[in-house]
Amino acid sequence: MAAAKKAVLGPLVGAVDQGTSSTRFLVFNSKTAELLSHHQVEIKQEFPREGWVEQDPKEILQSVYECIEKTCEKLGQLNIDISNIKAIGVSNQRETTVVWDKLTGEPLYNAVVWLDLRTQSTVEKLSKRIPGNNNFVKSKTGLPLSTYFSAVKLRWLLDNVRTVQKAVEENRALFGTIDSWLIWSLTGGINGGVHCTDVTNASRTMLFNIHSLEWDKELCEFFGIPMEILPNVRSSSEIYGLMKAGALEGVPISGCLGDQSAALVGQMCFQDGQAKNTYGTGCFLLCNTGRKCVFSEHGLLTTVAYKLGRDKPVYYALEGSVAIAGAVIRWLRDNLGIIKSSEEIEKLAKEVGTSYGCYFVPAFSGLYAPYWEPSARGIICGLTQFTNKCHIAFAALEAVCFQTREILDAMNRDCGIPLSHLQVDGGMTSNKILMQLQADILYIPVVKPSMPETTALGAAMAAGAAEGVGVWSLEPEDLSAVTMERFEPQINAEESEIRYSTWKKAVMKSIGWVTTQSPESGIP
């Protein structure tokens, strides 16, 4: 029987999903898109100073190997032959910046995470050098100058970390976002590792021209970045190299997408105007704008959605980025200690069913879209003697929904055609209270696939569809139908509006909190 079962499955595809809070490895059936097995490991975040967020690149790499090994063991227990895994895709937290030594394979500093704020004064210095009538940075990259993107993090490392400066001088430094660090390491590292990235990740560095699809000399000069440390830019779906170690040695790595692009692909948003919202550490609403770059008038980013093959066209997206979504739940768990696990928040919120006039603006890293206000900080307001931890838990969930409504409003204004429903995915979507609240606050239905791991699915699709692998068809008629769960709005529109306008009042109170940035100090 077991042998027959093995034969039936056909080709499988693995996906590494390296997120801000955890790493996962998942294995899918390429014919049915069914998830067969997975393993997840939480990643430590280090906060060495206020506003600083770092991770250990070696811990990240180790977690990837661990997830792969454990998933392969689980497949063995299910009697599934791992030699059926024909390709591996990589999806990753974007913008997070790593510099390593190509001779030793060692990171030269911790990874500086996308949420990190240490570069605020770097941003202020640089913004003075951009002419008001010609924001060439925004027109070339689609991005506002912000602590969020890699170029300023890399600039900070070059200015402040001697080991990084020295490695650059001696021509042994390599820069990459997490995808590049992982692919280089997995394909052999110091023994012939492939130093590459894909167009979606490159588009988040602020060094990449999203029109010509190459590193931009003028941008590199503006930020003072030596071009020789940058990875080669490839499409999101092609064979980059082969796994050089572990249970899957010899399997091609053939898909690479920044996590939000991967979720867009995994939600099958291939048509102009299709959108998805992912609830992870942050919240990211992406709308496919087809083969044209659309520039936002309302604080959204223009970004590369995907390029699914060397000779395939590039697709663009508008993106609304919210820094803190799931991270606020982790903060309630790790910093305030009012819950022991993230799942408990649903129970607390359910006990009260309302925030009772309490509003929580989690502007821990300033505000991203649509405000781009680095001066904002988190506030909890509307407190009375009646307020308890359940109300604060409820307000935290509402905050995620209100922030989504702000980026959805911006998206509707930029596109001119309001979304009739919202497709959602990501870890937090298993929280039913959150999903119902989201439908109530947006006042449109919220639709979620029964398999929420769309980010990993997107990376697997890109890998399986790559030339030379060819086990996953992306033709519309071949894409498997997905079962969906639907949440309809249940409150009246007037109440929804009142709550939303109070939220906006709270946001205004969070802005302008930090007046002068503390000086950045160098590191020996």
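Student: How are α13 and α16 oriented to each other?

Tutor: Keep in mind that this is a predicted model. The axes of α13 and α16 make an angle of about 95°, and anything from 65 to 115 degrees counts as roughly perpendicular, so α13 and α16 are roughly perpendicular to each other.

Student: And how far apart are the axes of those two?

Tutor: The axes of α13 and α16 are 11 Å apart. You want both numbers, since two packed helices are described by the angle between their axes and the distance between the axes.

Student: Which residues of α13 and α16 meet there?

Tutor: From α13 you have E398, A399, F402, Q403, R405, E406 and D409. On the α16 side there are S496, E497, R499, Y500, W503, K504 and V507.

Student: How does that contact split by class?

Tutor: The contact of α13 with α16 has 7 charged, 5 nonpolar and 2 polar residues.

Student: OK, what about α12 and α13, at what angle do they cross?

Tutor: Roughly 110°, with the axes coming within 8 Å. That makes α12 and α13 roughly perpendicular to each other too.

Student: Left-handed or right-handed crossing?

Tutor: Left-handed, as α12 passes α13. The contact uses I345, L348, A349, E351 and V352 of α12, and α13 brings K389, C390, H391, A393, F394, A396 and L397.

Student: What classes are those residues of α12 and α13?

Tutor: They divide into 9 nonpolar, 1 polar and 2 charged.

Student: Switching topic: how many residues of α7 are buried?

Tutor: 9 of the 9 residues in α7, which covers residues 178–186, are buried, so α7 is largely enclosed by the rest of the structure. Among them are W181 and W184, along with D179.

Student: What follows α7?

Tutor: G188 comes after α7, and its phi is positive, near 125°.

Student: How much of the chain counts as buried?

Tutor: 62% of the 524 residues. Also, among contacts with a separation of 6 or more, 73% come from residues 24 or more positions apart.

Student: Last one: how many helices and strands?

Tutor: The chain has 16 helices and 23 strands.

Note on methods
Residues are numbered from 1 along each chain as its sequence is written. This is a predicted model: local features need pLDDT of at least 70, side-chain atom pairs count only at pLDDT 80 or more; totals for chains, interfaces and linings use all residues. Side-chain values use heavy atoms; hydrogens and water are left out. Axes are lines fitted to C-alpha atoms, for helices over the stretch in contact, and angles run from 0 to 180 degrees between N-to-C directions. Helices (H or I, at least four residues) and strands (E, at least two) are DSSP runs, numbered from the N terminus. Angles under 35 degrees count as roughly parallel, over 145 as roughly antiparallel, 65 to 115 as roughly perpendicular and the rest as oblique. A crossing is left-handed if the near helix is turned anticlockwise from the far one by less than a right angle, and right-handed if clockwise. Contact means heavy atoms within 4.5 Å. Ala, Val, Leu, Ile, Met, Phe, Trp, Tyr, Cys and Pro count as nonpolar, Asp, Glu, Lys and Arg as charged, and the others, Gly among them, as polar. Buried means under 20% relative accessible area, exposed over 50%, partly exposed in between (1.4 Å probe, protein chains only).
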